[in-house]
Amino acid sequence: DVTIGVLALQGDVREHAASLAAVGARAVPVRRAAELDAVDGLVIPGGESTAMWKLATAFDMFEPIRKRLAEGMPAYGSCAGMIMLADHVLDAAEGQQTFGGIAITVRRNAFGRQVDSFEGPISFAGIDGELHGVFIRAPWVEAVDEDASGVEVLARVSGGPATGRIVAVRQGSLLATSFHPELTGDHRVHGVFAQMVRASR
Ligand code: GLN
């Protein structure tokens, strides 16, 4: 089966690795360019996007990851990982860069202080029934970029003050969610990603 790396510079690496294993993929941590070369796809975990950007630069991983993404390597980012895959970021830290690839503008920590973290049901295109959305200082997709073709909106918030906000997207071989399926024991989003990786081989 496919080998899927989990970018292991920072964030909830183990949880993603467990979810990938649960859907039949071989999951390996990726910290070095040589490890990146050996994977068919990459998960960018939740954590802190500014720390991930700095560590990716310090570990000489920033350009190699950009290059693999540009070559079409499938990737899935949750939360901070979504930020790393977004072309544009609002409320970014000074100088903060992303790998990019998805033609969206995300807003960091978008849900605000009062609802810093919240949980709720999410319907997700292509998955039957509902997912349990776990949001932790999560971004939302403020906008799909105007000239973007091929960005599919897969999920929106369906209740509360953030109703209607986009929280899952796909563009080609790139998938991103504001929330953390890896923390819920429901592996269906990882299943969707593993299928994308299998299809790309
Ligand atoms: N707020 C974090 C960031 O900006 C993301 C939080 C998360 O990944 N749980 O990177």
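Trainee: Which residues surround the ligand?

Mentor: In this predicted model, the ligand is surrounded by Gly-46, Gly-47, Glu-48, Ser-49, Cys-79, Ala-80, Ile-83, Arg-108, Asn-109, Ile-136 and Arg-137. By class, this shell has 4 nonpolar, 4 polar and 3 charged residues.

Trainee: Where does UniProt place the feature "binding site"?

Mentor: The UniProt record, an unreviewed entry, places that feature at Gly-47, Glu-48, Ser-49, Arg-108, Ile-136 and Arg-137.

Trainee: Why are these positions said to gather at one spot?

Mentor: They span 91 residues in sequence, yet no two of their C-alpha atoms are more than 12.9 Å apart, so they come together at one spot.

Trainee: Why is Ile-136 called partly exposed?

Mentor: Ile-136 has 19 other C-beta atoms within 10 Å. A buried residue needs 20 or more and an exposed one has 12 or fewer, so Ile-136 is partly exposed. Ile-136 lies in strand β8 (residues 130-136). Leaving aside neighbours within four places in sequence, Ile-136 is in contact with Gly-46, Cys-79, Ser-117 and His-180.

Trainee: What makes Arg-137 buried, exposed or partly exposed?

Mentor: The count for Arg-137 is 16 other C-beta atoms within 10 Å, so Arg-137 is partly exposed. Arg-137 lies in the loop between β8 and β9 (140-144). Not counting residues up to four places away in sequence, Arg-137 touches Asn-109, Asp-116 and Ser-117.

Trainee: Which residues have the most contacts inside the largest nonpolar core?

Mentor: They are Ile-4 and Leu-85, in a core of 64 residues. Beyond four places in sequence, the residues that Ile-4 touches include Leu-20, Ala-25, Val-39, Val-43 and Val-197.

Terms used. Residues are numbered from 1 along each chain as its sequence is written. This is a predicted model: local features need pLDDT of at least 70, side-chain atom pairs count only at pLDDT 80 or more; totals for chains, interfaces and linings use all residues. A residue is near a molecule or strand if its C-beta atom, placed from the backbone, lies within 6 Å of it. Ala, Val, Leu, Ile, Met, Phe, Trp, Tyr, Cys and Pro count as nonpolar, Asp, Glu, Lys and Arg as charged, and the others, Gly among them, as polar. A nonpolar core is a set of buried Ala, Val, Leu, Ile, Met, Phe, Trp, Tyr and Cys residues joined through C-beta atoms within 7 Å. Two residues are in contact if their C-beta atoms, placed from the backbone, lie within 7 Å. UniProt positions are given in the numbering used here, feature names are shortened, and annotations may be inferred rather than shown by experiment. Helices (H or I, at least four residues) and strands (E, at least two) are DSSP runs, numbered from the N terminus.
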